[in-house]
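Welcome! Take a moment to look at the sequence and the 3D picture below, and then we will walk through a few places together.

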Amino acid sequence: MAKHETPLLDELESGPWPSFVSDLKQQAEVRAKNEKGVEFQIPQDCVDDLLGVLELSYKHGRTHWKHGGIVGVFGYGGGVIGRYCDQPKLFPGVEHFHTMRVNQPCGKYYSTEYLRKLTDLWDFRGSGVTNMHGATGDIILLGTTTPQLEEVFWTLTHDFNQDLGGSGSNLRTPADCLGQSRCEYACYDTSALCHFLTNEYQDELHRPAFPYKFKFKFDGCPNCCVASIARSDMSFIGTWKDDIRIDQDAVNKYVENDPAYPANAGAHKGKDWGPFDIEKEVTGLCPTGCMKFENKKLTIDNANCTRCMHCINVMPRALKVGKETGLSILCGAKAPILDGAQMGSLLVPFIEVNPDNDYEEITEVIENVWDWWMEEGKNRERLGELIMRQGFQKLLEVTGIEAMPQHVAYPRTNPYIFWKEDEVTGGWERDVEEYRKHHLR
Amino acid sequence: MSSDLLNDKEAAQKAVVDWLEKKAGSKTKFYIKDFYKIFPDDKPREIKKVVNKMVENEILEFWSSGSTTMYGLKGAGIQHSSEGEE
Ligand code: HEM
Ligand code: HEM
Ligand code: SF4
Ligand code: SF4
């Protein structure tokens, strides 16, 4: 029997989708029965109380959670999000119900053994409720009390070789696609770079020093499986400089509808789309119109290709990314809290990914961007908002990057150009006598 | 190069504590940028190191909403509440 009646929450179970309410009820029951004989360190009925307070919030149309608090583990300014219920008398099981963010392994690779250890720990010292994974990529452990925080942290770091992730005004847990470990499209080793920068910027991850949150995400190619372009203040997207590699025989196999060459590697084969049509499905959809298929030969005007990946995705056996690979850096994506949502703007069209010099070219860009944002950013201003406020040109200036055609998103709408003195030959000084030789008073 | 004030660890910490105590009547939690005013000649990343050392030494403590982090003297003000509410 449930501890609290939840008629409003029950409604949420009636739709066609899986419901978190059903999940929470199931977890409440597991804890009530406790068949595994866990020595719960936080109230056994916390999940019942979680459902109870949520029901009350629906009834009142108001939240009963306080926002924020002083919790954390020693020396860390992030990784724990304090949550306290403002109705502790009614719901003592969730008086404290803090969230812990665990830095997920790169590419989200872990063994079932590790997952079991993690969930056992969380059943023992927390509510057992998890979110795999949060938007930042972290493993989210939802709901524990203040005294349990150090205990969980100790076990994570000492027994699981595992760190907390970022929260608050920190560098957030960097996240990457699985990249070269499994994907033939990857233009660089996302996990290696993600892991390196996670270690390199430990201080930024754990000791808040920024005006607000800051996110890094790494995609091995422009398919952007972790959506870095939309979800990170600085996104690192694999790309190539040279030409798309074409295997003309394979192109013709696709055109001939050879069953061993299904479009999109068979990803959409659940429905009959009719015979493959290269004009309609590939060349006609190229966003820059830079492809042609004539006399059984596919040609690409690579100078005009934007590396959108479409043709490669459709005909993966025939087309491959180029050989001179690296990455592009984009800046300023953010969610719509102020001034609307924003995608990243291209800052560095191509940069080498060189582990041998500790990715020096990349860390230099990062640190220049941080220095500017830490100095000029207002409290709670994201990098993307600072770029809007001070201008993309300012970003180019602080990073020492020359403006180039790839930076142009659309023709300028502002007719005024203000030169700086050092940009003008001879500066602002003029020799009046020299001038008067040619121009009468 | 850091300023003399920031380089002198004790003087730097005292400057931070004095400043926070002066403000204590009206506010107990501060953004990292507020500390820049105490060290006008220093780089943000150097100031951050000093302030975070003070957290480690339990002179200061963090307050976090989950999305933003603030700093205050340990034990000062309400320990859990909403942002901007003291
Ligand atoms: C019906 C109730 C709730 C809804 C609809 C809801 C919705 C959401 C959504 C959409 C997100 C972003 C998801 C993501 O980032 O992956 C989120 C994140 C979060 N929620 Fe809730 N939430 C609810 C209740 C709660 C409660 C009761 C708590 C704590 C007691 C909580 C704590 C959090 C935290 C800490 C995060 C950030 C997790 C992360 O790092 O991604 N939420 N919530
Ligand atoms: C490269 C050369 C020139 C540049 C860059 C230039 C630029 C400008 C600009 C920016 C304005 C203000 C426009 C506005 O406020 O709408 C302006 C106005 C004007 N310019 Fe020029 N100008 C140039 C050459 C000339 C020349 C050679 C003459 C005359 C012989 C001239 C006569 C005028 C006049 C009369 C106005 C005022 C128009 C009005 O108020 O409607 N300009 N010019
Ligand atoms: S982003 Fe590209 S490289 Fe990474 S997993 Fe997706 S398709 Fe593969
Ligand atoms: S990657 Fe995109 S832009 Fe480039 S040739 Fe293929 S479809 Fe066209």
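Where in chain A is the place of Q342(A)? Q342(A) sits in the loop between strand 12 and strand 13 (345-351) of chain A; helices (H or I, at least four residues) and strands (E, at least two) are DSSP runs, numbered from the N terminus.

Before going further, please note that this is a predicted model, in which local features need pLDDT of at least 70, side-chain atom pairs count only at pLDDT 80 or more, and totals for chains, interfaces and linings use all residues. Residues are numbered from 1 along each chain as its sequence is written, chains are lettered from A and ligands numbered from 1 in the order in which they are written, and side-chain values use heavy atoms, with hydrogens and water left out.

With a relative accessible area of 16%, Q342(A) is buried. Here buried means under 20% relative accessible area, exposed means over 50%, and partly exposed is in between (1.4 Å probe, protein chains only). Leaving out residues up to four places away in sequence, Q342(A) touches A230(A), G332(A), A333(A), K334(A), G384(A) and M388(A), where contact means heavy atoms within 4.5 Å. Two backbone oxygens deserve a look. That of G332(A) lies 3.3 Å from a polar atom of the Q342(A) side chain, and the side chain also reaches the backbone oxygen of G384(A) at 3.4 Å. A polar contact is a pair of N or O atoms within 3.5 Å; within protein, one must be able to donate a hydrogen and the other to accept it, and residues adjacent in sequence count only if both atoms are side-chain atoms.

G384(A) leads us to helix 13 (residues 383-390) of chain A, where L383(A), G384(A), E385(A), L386(A) and I387(A) are buried. The cover over these buried residues includes strand 12 (325-331), helix 12 (360-376) and helix 14 of chain A. Just after helix 13, G391(A) takes a positive phi of about 100°.

Strand 9 (residues 291-294) and strand 10 of chain A pair in the antiparallel sense over four bridges; two strands pair if DSSP finds at least two bridges between them. F293(A) has L298(A), in strand 10, as its bridge partner. Two residues lie between the strands of this hairpin, and N295(A) takes a positive phi near 50°. In a regular strand the side chains alternate between the two faces of the sheet. Strand 10 (residues 297-300) has L298(A) and I300(A) on a covered face, with K297(A) and T299(A) on an uncovered one.

**Charged pairs**

Side chains of opposite charge can pair when their charged atoms come close. A salt bridge is a side-chain nitrogen of Lys or Arg within 4 Å of a carboxyl oxygen of Asp or Glu, and the whole structure holds 22 of them over all chains. Here are some examples.

| Pair | N to O distance |
|---|---|
| K394(A) and E397(A) | 3.6 Å |
| K14(B) and D18(B) | 2.8 Å |
| K53(B) and E56(B) | 3.3 Å |

K394(A) and E397(A) are three residues apart in helix 14 (residues 392-399) of chain A, about one turn of the helix. K14(B) and D18(B) are separated by about one helical turn because they are four residues apart in helix 2 (residues 9-23) of chain B. K14(B) is exposed at 52% relative accessible area, while D18(B) is partly exposed at 37%. Helix 2 of chain B also contains Q13(B), which counts as buried at 14% relative accessibility.

In helix 4 (residues 44-56) of chain B, K53(B) and E56(B) are three residues apart, about one turn of the helix. Elsewhere, salt bridges that share partners join D203(A), E204(A), R207(A), R45(B) and K48(B) into one network.

**Around two ligands**

What surrounds ligand 1? Its shell includes F20(A), Y58(A), W65(A), R101(A) and A135(A); a residue is near a molecule if one of its heavy atoms lies within 4 Å of it. An oxygen atom of ligand 1 is 2.6 Å from an N or O atom in the R101(A) side chain, and another contact puts a backbone N or O atom of A135(A) 3.0 Å from an oxygen atom of ligand 1.

Among the residues around ligand 3 are C177(A), C183(A), D219(A) and C221(A).
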